[in-house]
Amino acid sequence: MSIVVTGASGQLGRLTVETLLARGMPASDIVATSRDTARIKGFADRGVVVRRADFAEQDSLAAAFEGADKVLLISTTTVDERVANHRRAIDAAVAAGVSLVAYTSMSHANTATTILASTHRATEKYLRERAVPSVLLRNSWYLENYTAQLPLVLRNGAVVGSAGQGRISAAARADYADAAAVVLTTEGHAGEVYELGGDEAFTLSELAAAISAATGKRITYSDLPADGLAQVLTGAGLPAELAHVLVDADLGMSRGELFTASGDLRRLIGRPTTPPADVIADALR
């Protein structure tokens with residue numbers, strides 16, 4: 001059985017390959033792909049098959065997926081190119097005759113109103129149209145999206161956002177990788193839709209309190225209007241288009257679009273999800 005992991009040079013893809021190896025899957029049965037294979041040379045040194053795959057190049061995807069039984073399609077990062085990229089990858093998976101495509105979607109992609117959700121909804125629709133056996137891994141936010149901001153939060157004494165008191169079921173990236181590895185190495189997942197999120201949902205006010213408890217510093221949550229948050233993000237150097245997408249995501253959080261009480265992540269990985277306090281503590285070490 002050959003399993004292809006796209007975006008293996010990215011954080012989720014890299015963790016998924018590591019998890020597959022830790023679960024005892026032979027390295028030679030894992031195909032790690034990246035647009036730049038030099039970034040995943042370490043996997044090749046360990047016996048993993050490394051192939052180039054550029055989502056903008058149909059031929060490279062066809063070559064990367066050749067002989068594959070299952071494909072983990074990790075959503076690409078450039079929002080305005082995402083749907084076209086995913087369609088090319090799905091077409092290549094169909095041509096390769098894969099038995100399963102596992103797609104990393106987004107919480108409530110079928111109903112959520114954010115820009116990000118719309119791209120995932122379009123990809124899910126294309127999977128149905130192509131009638132490829134698939135499983136949807138609807139990931140909520142990553143806890144690391146917040147811990148990556150800790151230096152700035154500690155410097156300013158505040159978490160900033162536009163999420164109001166919306167609850168967010170963020171989980172550790174490693175937990176999402178574990179879930180992906182489970183669906184790739186066990187049977188019975190085709191046709192399933194998993195709403196994945198952490199056991200301990202929180203508001204951004206509660207996140208600020210957790211950071212305060214971990215650091216001993218007073219950290220508050222500053223809930224900004226959308227235009228105010230956009231100014232903060234662009235002032236920090238983010239392109240205006242990306243800032244718009246992130247502000248829009250925060251507004252989705254305020255509507256509960258990144259909250260789930262499904263328990264799907266916990267059940268898939270066979271253990272409680274990593275507590276936010278643990279992820280914060282690790283990031284502070």
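Colleague: Which residue's backbone oxygen does the side chain of Thr 16 reach?

Modeller: Happy to start there: this is a predicted model, where local features need pLDDT of at least 70, side-chain atom pairs count only at pLDDT 80 or more, and totals for chains, interfaces and linings use all residues. Residues are numbered from 1 along each chain as its sequence is written, and side-chain values use heavy atoms, leaving out hydrogens and water. Thr 16 sits in helix α1 (residues 11–22); helices (H or I, at least four residues) and strands (E, at least two) are DSSP runs, numbered from the N terminus. At 2.9 Å, the side chain of Thr 16 reaches the backbone oxygen (a polar contact is a pair of N or O atoms within 3.5 Å; within protein, one must be able to donate a hydrogen and the other to accept it, and residues adjacent in sequence count only if both atoms are side-chain atoms) of Leu 12.

Colleague: Is Thr 16 buried or exposed?

Modeller: Buried means under 20% relative accessible area, exposed over 50%, and partly exposed in between (1.4 Å probe, protein chains only). Beyond residues up to four places away in sequence, Thr 16 touches Val 5, Leu 72, Ala 177, Ala 180, Ala 181 and Leu 184, where contact means heavy atoms within 4.5 Å. The relative accessible area of Thr 16 is 0%, so this residue is buried.

Colleague: Why do the buried residues of α3 line one face of the helix?

Modeller: Helix α3 covers residues 58–65, and Ser 60, Leu 61, Ala 64 and Phe 65 are buried there. The arc is taken from the directions from the helix axis to the C-beta atoms. Seen down the axis of α3, these residues line one face because they fall within an arc of 120°.

Colleague: Which elements are included in what covers those buried residues of α3?

Modeller: Gly 67, with a positive phi near 80°, follows α3. The cover over the buried residues of α3 includes β1 (3–5), β2 (30–34), β3 (49–52), β4 (70–73) and α4 (82–96).

Colleague: Which helices each supply at least two residues of the lining of the largest cavity?

Modeller: On a 1 Å grid over the protein atoms alone, a cavity is a set of points where a 1.4 Å probe fits but cannot get out, and lining residues have an atom within 4 Å of a point. The largest cavity holds about 30 Å³, and its lining is Tyr 146, Gln 149, Leu 150, Val 153, Val 159, Leu 207 and Ile 211. That lining has 6 nonpolar residues, 1 polar and no charged. At least two lining residues each come from α7 (150–156) and α9 (204–215).

Colleague: How far apart in space are Leu 284 and Ile 211, C-alpha to C-alpha?

Modeller: Leu 284 belongs to helix α13 (residues 276–284) and is partly exposed, at 34% relative accessibility. Leaving out residues up to four places away in sequence, Leu 284 touches Leu 150, Leu 154, Ala 214 and Thr 215. Leu 284 and Ile 211 are 73 residues apart in sequence, and their C-alpha separation is 9.8 Å.

Colleague: Where is His 108 found?

Modeller: His 108 is partly exposed, with a relative accessible area of 21%. Its phi is positive, near 55°, in a residue other than glycine. His 108 is found in the loop between β5 (100–106) and α5 (115–129).

Colleague: What is the relative accessibility of Ala 131?

Modeller: Ala 131 lies in the loop between α5 and β6 (134–139), and its phi is positive, near 55°. Ala 131 counts as exposed, with a relative accessibility of 62%.

Conventions:
1 Å grid on protein atoms, 1.4 Å probe; cavity = no way out; pocket = protein on both sides within 12 Å on 5 of 7 lines; lining within 4 Å. Points joined across faces, edges and corners; volume = space filled by probe spheres on them. Nonpolar A, V, L, I, M, F, W, Y, C, P; charged D, E, K, R; others polar.
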